[in-house]
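Student: Could we go through this model together? I would like to begin with its helices and core.

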Amino acid sequence: MNRYARFRHRLRTTVLQFGERVARPPEEPPAPEVSWPLPPEPRSVPRARRLVRARLAEWGLEEQSEVAELLVSELVTNALDHARGAIRLTLRCQDSLLRCEVEDAHPAAPRMRRARDDDESGRGLYMLDLLACCWGSARTPAGKAVWFELPVDVDALSEDRVA
């Protein structure tokens, strides 16, 4: 191969490699996610609140901590009251939303019920409906997961905080 042909080959290869880099969409960093098993006992409620508070502080999402802690404690309490077996708490940030899930072994979806003024319970799902931007439940192989989402400032999720 003469000098001109080698130069032309190198130039063509460089142009093709550059074109591939430009055409390839940048890889998105993985969404921050964490999950913890919780024992089916009352001490799991304050533990869940502490876990949520600590992780949201690590992720720079302190502004959502109070509401997330309150709603997670309601979901863990519901799992303790209505299900048997292990509980799992999962937090995930994706698409400007913080998603909190509480999974338990009971397959029935939660239902809102009307609480009377003197009832000590029955208001948790109303709080969820009032404070979360959306919520729901989904069946899992082990039972169900009840989840809610809160809007978050994605600029607060810096890479060094979620790594």
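This is a predicted model: local features need pLDDT of at least 70, side-chain atom pairs count only at pLDDT 80 or more; totals for chains, interfaces and linings use all residues.

Student: How many residues has helix 3, and what does it span?

Tutor: Helix 3 runs over residues 65–82, 18 residues in total, and reaches 25 Å from first to last C-alpha, close to the expected 26 Å. The expected span is 1.5 Å times one less than the number of residues; helices are DSSP runs of H or I, at least four residues, and strands are runs of E, at least two, numbered from the N terminus.

Student: Which of its residues are buried?

Tutor: Among them are Leu71, Val72, Leu75, Val76 and Ala79. Buried means under 20% relative accessible area, exposed over 50%, and partly exposed in between, with a 1.4 Å probe and protein chains only.

Student: Which element gives the largest share of the largest nonpolar core?

Tutor: The core has 31 residues, and Val72, Val76 and Leu89 are among those touching the most other members. Helix 3 supplies the largest share, seven residues. A nonpolar core joins buried Ala, Val, Leu, Ile, Met, Phe, Trp, Tyr and Cys residues through side-chain atoms within 4.5 Å.

Student: Turning to Cys133, where is it?

Tutor: Cys133 lies in the loop between helix 4 and strand 4. It counts as partly exposed because its relative accessibility is 46%.

Notes. Residues are numbered from 1 along each chain as its sequence is written. Side-chain values use heavy atoms; hydrogens and water are left out.
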